[in-house]
Each structure stands twice: as structure tokens, then as C-alpha cells.
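Please examine the chain shown below.

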Amino acid sequence: PQFMLITLPLASMGYAISYLAFSLGSIALFIYASLTISKNRFAIALVAGPAVFLNLASGQNGLLTASLAALTLHYLYKKPLLSGSLMGLLCIKPQLLILFPLVLIFSRQWQVLLSFIISSICLAIGSTVVLGMDVWSAFLSGLAEAQHYLETVIPLARMPTVFALVRQAGGSLPLAYASHATVAAIALATLLQIWSRSQCLRIRASGLVAATLLISPYLFDYDLVWHLLPIAWLYQLGNNHGWRYGERLILCLTWMLLLYIKLILYLLTGKVILIGAVMSLALLWMTWRRATATH
């Protein structure tokens, strides 16, 4: 419902115009967010990432949610009220928001948490006032449809999750859910350890984004725009404090993942196995290693 409120003005436009307006607005916000967290020419590499072009071609909201996440984390210490307000806007994609309030409670960021609660409530009230109460019952009924879609006809080759990898390998639904839940639990435990061992914002933010992409089984390839955020933060850490073994390779492979998977692998084999979850784990491990080294 919150996302419907934000996109409501587009409904009065023709399809081509609304797509153009949404895409241009999303890429403009992502450019601003990239410049904000990078502050150098490396932002160009972020905007030119294959994930950005896939998101634009899909007409999806990955650029919008990644921008909100980047700015939320950038202002976490500097402007906590602004950070919490931006975090509240991430309610438009709740499966990517789950860990944010959790780490706020864990790190006792009460001012940010309060701002987040107020922002999310205001957005929900605005959606209800404009769209009516029925939008919430439709949303809740849609959750069951989404689960059915996930378990039956969903294109697994477009899903960068542990769930999809197990299903593509021929695993059963119970095995896929169990495997995904196990990895999600490991990601959560690793994230909390990262936040307890390091006060560095770049390390904490990188860990949070990497872990977020491992939590929900419902994730699509256009959401991998989020990978560009830890790439930016970890690149800065490497440049400023020296590189550790394998880090540059992980960042390069993550940046070009969709180019490799969607183009090269498909041309060679005719099949696509999206190993986004593997790269999310690699980024989380890379972040954990830096957090434990700085403890």
C-alpha cells in the first residue's frame, strides 16, 4: 500500500511516460545516493553496474530501495532523525527492511528507531487515507498469492536466493525452505557479531546490506542493485586501509555478476543459475573478516 501511494501520480500518465518518469527519477536518486556514499569518481562505476541496467529494463524499484538504504545508512550517525525518516520509506519493500529495526534495537539507536516508527506510521496512514482500508485486505490476501507463486511458477533463474538455488538443484520445497532458513540464521548471527565488534559505519552498513539479501526467499535479480552499496563501502575501506586477500576479486565478481550470468553463461550453456546468494555470502564474510580484524 505504501508503494502504491508513492506511485499513484504515475497512474494518470500513459504507460511510456510513467515508465520514463519512474526510471529517470529512480536513476537520478541513485546517482545522488552513489555520490553521497562514494564522494569520488567511483560513483560512476556504481551507476554503470549491470544491475542498474537490469533494473531499468525491468521497470522495477531496486534503484529506489537501494538509494533509500544507502542514504539511511549514510546518515545513521550524522543525522539520526533524517536516517530514521528515510528508513520508514523502506516500508515500500518490507522484505528488505526486516533487519534494519533489529540492528537499531541491538545497537540502541533509539533516536533513529523512534524516527523510523513515526515515519512508517505516517506513510501507512497516508496510504489508508488516500487509497482506503480495502488496500490492506488486498495486500494481506496478496501475501498468500505471493507464496503460491514462489513455490510453483516463479522463474527461479531470476531469484538470487538460497531457496532458488536448492530448487534449481532439484531439492524439495521443505529442503529449500530449511536451507534458506539455515543460511538466514547464520547471516543474522554474523551481522550481530559484526555490529558488536565494529563501530565503523562502512563495515556495519556493508554487513547489514549483505545480510538483508540473504533473509527473504522472495528476491529478484533487480534487487541486486543493493550489492553496489557494500561494493562502494568496502572499496573505500580497501583503498584507505589496505586490501586483504581475495577482496578485490570478490568485489569485481559481484559487480559484474549479472553481466556474466545473463549474457556469457546463457550464451555458453543456454541456462541461467543466479548465484547472487553466493556473492551476498562472500560480501558478508568479507565484512565479518574486517570487523573482527578491527576489534
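**Contacts, core and charged pairs**

Q: Which residues does V52 touch, not counting residues up to four places away in sequence?
A: A contact here means heavy atoms within 4.5 Å. V52 belongs to helix α4 (residues 50-58), helices (H or I, at least four residues) and strands (E, at least two) being DSSP runs numbered from the N terminus. Leaving out residues up to four places away in sequence, the partners of V52 are I27, F30, L46, V47, L63, V225 and L228.

Q: On what basis do these values rest?
A: This is a predicted model, in which local features need pLDDT of at least 70 and side-chain atom pairs count only at pLDDT 80 or more, while totals for chains, interfaces and linings use all residues. Residues are numbered from 1 along each chain as its sequence is written, and side-chain values use heavy atoms, with hydrogens and water left out.

Q: Is V52 buried or exposed?
A: Buried means under 20% relative accessible area, exposed over 50%, and partly exposed in between (1.4 Å probe, protein chains only). The relative accessible area of V52 is 1%, so V52 is buried.

Q: Which residues have the most contacts inside the largest nonpolar core?
A: A nonpolar core is a set of buried Ala, Val, Leu, Ile, Met, Phe, Trp, Tyr and Cys residues joined through side-chain atoms within 4.5 Å. The largest such core has 86 residues, and helix α5 (residues 62-74) gives the most to this core, with eight residues. Those with the most contacts inside the core are F30, F100, L208 and W226.

Q: Which residues does L208 touch, not counting residues up to four places away in sequence?
A: L208 is one of the residues with the most contacts inside the largest nonpolar core. With residues up to four places away in sequence set aside, L208 touches L73, L99, F100, V103, L191 and W195.

Q: Which elements do the buried residues of α7 pack against?
A: Helix α7 spans 99-106. In this helix L99, F100, P101, V103 and L104 are buried. The elements against which the buried residues of α7 pack are α5, α6 (80-89), α8, α11 (173-197) and α12 (201-212).

Q: Which residues make the nonpolar surface patch of about 530 Å²?
A: Patches are made of residues with over 30% relative accessible area and no salt bridge, with like charges joined within 9 Å and nonpolar side chains (Val, Leu, Ile, Met, Phe, Trp, Tyr) within 5 Å. Accessible areas come from the Shrake-Rupley method with a 1.4 Å probe, and for residues only the protein chains shown count as cover. I125, one of the patch residues, is found in helix α8 (residues 110-131). The patch is made by L8, I117, I121, I125, V129 and V130.

Q: How many disulfides does a search of the whole structure find?
A: A disulfide is a pair of cysteine sulfur atoms within 2.5 Å. C91 is in no disulfide, as the nearest cysteine sulfur, that of C122, is 11 Å away. For the whole structure, the number of disulfides found is zero.

Q: How far apart in sequence are the parts that K93 and D223 tie together?
A: A salt bridge is a side-chain nitrogen of Lys or Arg within 4 Å of a carboxyl oxygen of Asp or Glu. K93 forms a salt bridge with D223, with the closest N and O atoms 3.0 Å apart. K93 lies in the loop between α6 and α7 and D223 in the loop between α12 and α13 (228-241), so the parts tied together are apart in sequence by 130 residues.

Q: Which residues do salt bridges that share partners join into one network?
A: The side chains of R290 and E247 meet in a salt bridge (2.8 Å, N to O). This pair links helix α16 (residues 276-293), which holds R290, with helix α14 (residues 247-255), which holds E247. R290 and E247 are buried. Through shared partners, the network joins E247, R289 and R290.
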